[in-house]
Amino acid sequence: MSDAAVHTGSQMKLYGCPTCGRVSQLLRPPAGDAPLLCPRCATPLHHRRPRSLQRTWAYLIAASILYIPANLLPIMSTSNVFEGETLHTILGGIEELRHGGDWMLALIVFIASIAVPLLKIGALLVLAITAQRRSRWKQVERAQLYRMIEAVGHWSMLDVFVVVLLVGTIRFGALGGVMPEPGLLAFGAVVVLTMLAAGSFDPRLIWPEEEDKDRPS
Amino acid sequence: MTDPLPSTPAYAPHAPAVARTSAALAARPDLVVCHECDAVHERIELARGTIARCQRCNALLGRGHVIGTEKLLAFAVASLLLILIGNSAPIVTLDFQGVVSQATLPQAIEATWAAGQPFVAVLTAATALVFPLVFTILRLYLLGSLVRGIVPRGFVPAMHMLVFVTRWGMPEVFMLGTLVAVVRCASLTSATPGIGLFAYGAVTLLITAITAAGTHTLWKRSGEIGGMA
């Protein structure tokens, strides 16, 4: 479908509410700089979310920095009477599952813990840079990419839950136990920060309009 | 006064927001604006089981729902019961040469807190336990009132909260996490999946079904009731 055939909310002074979906048509602009609020649910209405890219960049940079300790530091330690204390990183845990013969599970954990966070950071970089350049390159594919990272984002929390459950379950006192380690904190923070980054990105920025130049918000 | 229900005033969601802005915003129920690319479409009736996508960016705009409101309410009741069971029954039981160890989700969260990781403990408590629970209670509250023809008190703030807990609740990820944890335990010692794991599995299915129904019906229903009052 060609872009010329599409009428947009910003051209027609129509606002779709992000919370309740009500479509409002602006008949008379507000006095002064009073914010536009959805008449049904009072959510602020915008054609482009304010400071969307600044927020996305801030969360994305923070997530990228924490990604390093999340993968280098151990996420948990196990101890038992025979071997003493052993530290486990995320990659190490996947390797243990693979050695144990659980190929399927090793693959699932690899996808959730390594592939998804990397994919999210990479995809958000592509989305933020192209949006900043007001690019019209592969818009439908970029919209698809945005939907994908929104859909898979929270699956990275898998390893956090696994460690919490192991810490709670494997408690045999002197015989053996599991403790959480600082890498888990960094990893949990990466998951939350990438979710916040994806949530801050306004997908409408994939579809720039002429008048956006004068009206950056 | 002839009002048969004077004790339950219908909450009118239209009034407060309008008072706060001088702008004139007319409702256009005949249109849909794509939330992902701002393209404007005409609203169409969707047959059961069909979906509508944006012509420009392919975003999901709406569904013709298969599951009715009464069924969703039943799902929410079941979900609440199963969350209670899932959090009070052990998720996995370990037997290490006669020494038995088992944990429920709240115990695992507490152990993580005690082990010096309060942030991780709070994050897990929120995403795996509190948000799915709040999600279920809110759905019960909202659906329970709407099927009786009442717009519940605090409808709009409850809907805002529902959007938040839907986004940040992760019962399905937690479910997969319990399976991975059981397999990893089983490589060390004899591990038996507990009632908690099965209860959480059912919660995951129910919450996914309720989430798929979206919130549009709730807004529409409240508008119809509010309009009649």
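Predicted model: local features only at pLDDT ≥ 70, side-chain atom pairs only at ≥ 80, totals over all residues.
Q: How do you know that chain A and chain B are in contact?
A: Contact means heavy atoms within 4.5 Å. By that rule, 84 residues of chain A and 69 residues of chain B take part.

Q: What makes up the area buried between chain A and chain B?
A: The size of an interface is often given as the accessible area lost when the parts come together. For chain A and chain B the buried area is about 6,800 Å², and carbon and sulfur atoms give 70% of that.

Q: Why is the pair Glu36(B) and Arg147(A) called a salt bridge?
A: The rule asks for a side-chain nitrogen of Lys or Arg within 4 Å of a carboxyl oxygen of Asp or Glu. The closest N and O atoms of Glu36(B) and Arg147(A) are 2.7 Å apart, so the pair meets the rule. Between chain A and chain B the count is 4 salt bridges. By class, the side of chain A that touches chain B has 53 nonpolar, 18 polar and 13 charged residues.

Q: Why do Arg48(A) and Asp38(B) count as a salt bridge?
A: Their closest N and O atoms are 3.8 Å apart, and the limit is 4 Å, so this pair counts too. It crosses between chains: Arg48(A) sits in the loop between strand 2 and helix 2 (52-72) of chain A, while Asp38(B) sits in the loop between strand 2 (31-33) and strand 3 (40-42) of chain B. Over all chains, the whole structure has 9 salt bridges.

Q: How do you know that strand 2 of chain A pairs with strand 1 of chain B?
A: Pairing needs at least two bridges. Strand 2 (residues 23-28) of chain A and strand 1 (residues 24-27) of chain B are joined by 4 bridges, so they pair, and they run antiparallel. Here Ser24(A) stands opposite Ala27(B).

Q: Why are strand 4 and strand 5 of chain B said to pair?
A: They share 3 bridges where at least two are needed, so they pair, in the antiparallel sense. Arg53(B) stands opposite Leu60(B) in strand 5 of chain B. This hairpin has 6 residues between the strands, and Asn58(B) takes a positive phi near 75°.

Q: What makes strand 4 and strand 5 the edge strands of the sheet in chain A?
A: Strand 4 (84-88) and strand 5 (176-180) of chain A each pair on one side only. The order of this open sheet of 3 strands is 4-3-5, with antiparallel pairing, and the twist averages 20° from one strand to the next. Strand 3 (residues 76-80) of chain A is joined to strand 5 of chain A by 5 bridges. Within that pairing, Met76(A) has Pro180(A) as its bridge partner.

Methods
Residues numbered from 1 in each chain as written. Chains lettered and ligands numbered in written order. Heavy atoms only, no water. Buried area = accessible area lost by both parts, 1.4 Å probe. Nonpolar A, V, L, I, M, F, W, Y, C, P; charged D, E, K, R; others polar. Axes fitted to C-alpha atoms, helices over the stretch in contact; angles between N-to-C directions.
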